[in-house]
Amino acid sequence: MALLTPEDLENINKQLQEADSTVRRVTGLDIKGICKDFYGTTPCCEKVGIVPVTSGNGIIGSFSESLNAIAGYFGFDSFITDMPDVSGYYEAVKNGARIILMADDNTFLAHNLKNGKIANNQPCTGIIYAEIASRYLKADSKEVLAVGLGKVGFPGAAHLAQKGFKVYGYDADRTLLEKSVSSLGIIPFNPVSPEGDGQRKFSIIFEATPCADTIPESVISENCVISTPGIPCAISKELQKKCGVELVMEPLGIGTASMLYSIL
Ligand code: NAD
Ligand code: 2YH
């Protein structure tokens, strides 16, 4: 599993603000507005305790600090525990945390101790990026392209299919692609070498892979949004500019907002 790096998280507030203005332009609502509307919840002074975790590859520089900044940005009262791991968890609860945020190398969770609800970053991220894509104001049809159908991409693609979109999809892993075809009704479409369907273009693209340059120019329509949590980015800056693509992409905040709103 790809781990975030301190470089990914540099200037997280600025990254979040920029993503927020793009989301507003693309959907008419900001990230908060989408989360509120989608989950039907609003934060109300819930205290969030952020617990650094040392297991596996250990603490990622500025991960907890970024979560603290993100929680604050979305109106939560948050703090980082002095101690990591179990001692940190104890400290968080003792100091009044009602929501715990913590991540090891495999799982990033948000747990609401008051109502018992728990959220996992991967599905929450996939679903919110898909939801943003689905709200694109300039979309020319209800067709979408979903590239990367793993732990983030599959729940996102499932969300789009459930919302009534015609989902064309691709994953480099044949087994995952077949699972998406059989369980979600996804239409196989490899954007890099489309078989017999080379002219198809999309105004809505949802991407969730750990690879760069997964979206070629040939599939990008005139007005196009690419909503992608994938790191590194699915499209180069040059191609984004050339095609005038609206790019929704941010390394941690949008997915974390989705987690927090989902457990209120
Ligand atoms: P995953 O390994 O479960 O899934 C990634 C999928 O992409 C795999 O199924 C793989 O086969 C597929 N893939 C790889 N290269 C491809 C290509 N060229 N074309 C099509 N499919 C390809 O990983 P994941 O947990 O789903 O995470 C996906 C990405 O999202 C990672 O980069 C991860 O770091 C990132 N992520 C970002 C956020 C965020 O908030 N921005 C949150 C969670 C994960
Ligand atoms: O980045 C990760 C994993 N990829 C899981 C997230 C799922 N998108 N984990 C962060 C590890 C943080 C570290 N243990 C810390 O600083 O507390």
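Domain 1 and domain 2 bury about 1,000 Å² between them, and carbon and sulfur atoms account for 68% of that area. The model is predicted. Three residues, Val-26, Thr-27 and Phe-38, supply 44% of the area that domain 1 buries against domain 2, more than any other three residues.

**Domain arrangement**

- Domain 1 is made up of residues 6-121 together with 255-262, whereas domain 2 spans residues 131-249.
- The centres of domain 1 and domain 2, taken over C-alpha atoms, lie 26 Å apart.
- Each side contributes to the contact, with 12 residues from domain 1 and 12 residues from domain 2.

**Polar and charged interactions**

- There are 2 salt bridges between domain 1 and domain 2.
- Arg-135 forms a salt bridge with Asp-37, in which the closest N and O atoms are 2.8 Å apart.

**The side of domain 1 that touches domain 2**

- Helix H1 (12-27) and helix H2 (31-39) each supply at least two residues of this side of domain 1.
- H1 gives the most to the side of domain 1 that touches domain 2, namely 6 residues.
- By class, the residues on this side of domain 1 comprise 6 nonpolar, 3 polar and 3 charged.

Notes
Residues are numbered from 1 along each chain as its sequence is written. Chains are lettered from A and ligands numbered from 1 in the order in which they are written. This is a predicted model: local features need pLDDT of at least 70, side-chain atom pairs count only at pLDDT 80 or more; totals for chains, interfaces and linings use all residues. Side-chain values use heavy atoms; hydrogens and water are left out. Domain bounds come from an automatic or database domain assignment. Contact means heavy atoms within 4.5 Å. Buried area is the accessible area (1.4 Å probe) that two parts lose on being put together, summed over both. A salt bridge is a side-chain nitrogen of Lys or Arg within 4 Å of a carboxyl oxygen of Asp or Glu. Helices (H or I, at least four residues) and strands (E, at least two) are DSSP runs, numbered from the N terminus. Ala, Val, Leu, Ile, Met, Phe, Trp, Tyr, Cys and Pro count as nonpolar, Asp, Glu, Lys and Arg as charged, and the others, Gly among them, as polar.
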